[in-house]
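Hi,

Here is the structure I promised to send over. Have a look first, and then read my notes below.

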Amino acid sequence: MTPMDMLLSRASTDRLKEPAPSPAQLTEILATAMRAPDHGRLQPWRYVVIEGEDRPLLAERIVASMARVEPDAPAAKIEKRRSRFATMPMIIALGMHLRPEHKIPLWEQEMCVAAGTMNILNALHATGFGGVWVSGALVDDPVLATELGLAAPAKLAGFLFVGTPEGVPHTPKRADPALFTARWHGQPVTFGADNKD
Ligand SMILES: Cc1cc2nc3c(=O)[nH]c(=O)nc-3n(C[C@H](O)[C@H](O)[C@H](O)COP(=O)(O)O)c2cc1C
């Protein structure tokens, strides 16, 4: 697979089985996150790795968080969350070590973490693993973040479910880049993607 084939064939999946990356593989995969553009070299990436018997413990904290932030969530949704967090081969909580006082704007710090996460997803795919980035209202729960070691001003950017894909991941239809690109010649551009009527 060429590097371009690799990038163009990645697809998120939550149909994941064992094995998850070994500690050595994970170190290399996470090293790719630290190649993300990082204005001011603030190094805002933080990764909390949950595996094995710690997963049910996390799942209970997730359910407790839902009770705080989504008190009206139906029982089926709560059980689905509990089951996913308890059984995914590996979960990585994506932490953002934010510095609100710094001259680099917060949004740039957050984008740095996002860029790192994209590198992780690509590195997982390149090494035969897979995953998906998930979030939800609980990402904004300060109690859950604190329980994970991400107390404010740090924040959660979501979770990665990580493992070995079961079968070939379903690839959603991908957008045509021409619809999202325009050449600027001195006047405001318009995009094909916005001219659907
Ligand atoms: C910050 C962020 C949060 C996301 N949260 C969820 C989520 O909670 N549930 C979900 O199904 N997809 C979520 N997604 C989308 C998936 O990660 C994924 O991009 C989507 O399933 C499309 O798959 P693709 O990456 O192959 O295009 C999220 C994406 C981002 C960037």
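How many helices and strands does the protein have? There are six helices and five strands, where helices (H or I, at least four residues) and strands (E, at least two) are DSSP runs numbered from the N terminus. Their order along the sequence is α-β-α-β-α-α-β-α-β-α-β, and the C-alpha trace spans about 55 × 45 × 40 Å along its principal axes.

Some ground rules: this is a predicted model, in which local features need pLDDT of at least 70 and side-chain atom pairs count only at pLDDT 80 or more, while totals for chains, interfaces and linings use all residues. Residues are numbered from 1 along each chain as its sequence is written, and side-chain values use heavy atoms, with hydrogens and water left out.

Now the ligand. Around the ligand sit Arg-10, Ala-11, Ser-12, Val-132, Trp-133, Val-134, Ser-135 and Arg-174, each with a heavy atom within 4 Å of it. Polar contacts here are pairs of N or O atoms within 3.5 Å. Ser-12 places a polar side-chain atom 2.5 Å from a ligand oxygen. Trp-133 uses a backbone N or O atom, 2.6 Å from an oxygen atom of the ligand, and Ser-135 likewise has a backbone N or O atom, at 2.8 Å from a ligand oxygen. On its own the ligand exposes 620 Å², and the protein buries 51% of that (Shrake-Rupley method, 1.4 Å probe).

Finally, the helix packing: the axes of α2 (residues 23-33) and α5 (residues 106-126) come within 7 Å and cross at roughly 140°, with axes being lines fitted to C-alpha atoms over the stretch in contact and angles running from 0 to 180 degrees between N-to-C directions.

Enjoy!

Note on methods: A polar contact is a pair of N or O atoms within 3.5 Å; within protein, one must be able to donate a hydrogen and the other to accept it, and residues adjacent in sequence count only if both atoms are side-chain atoms.
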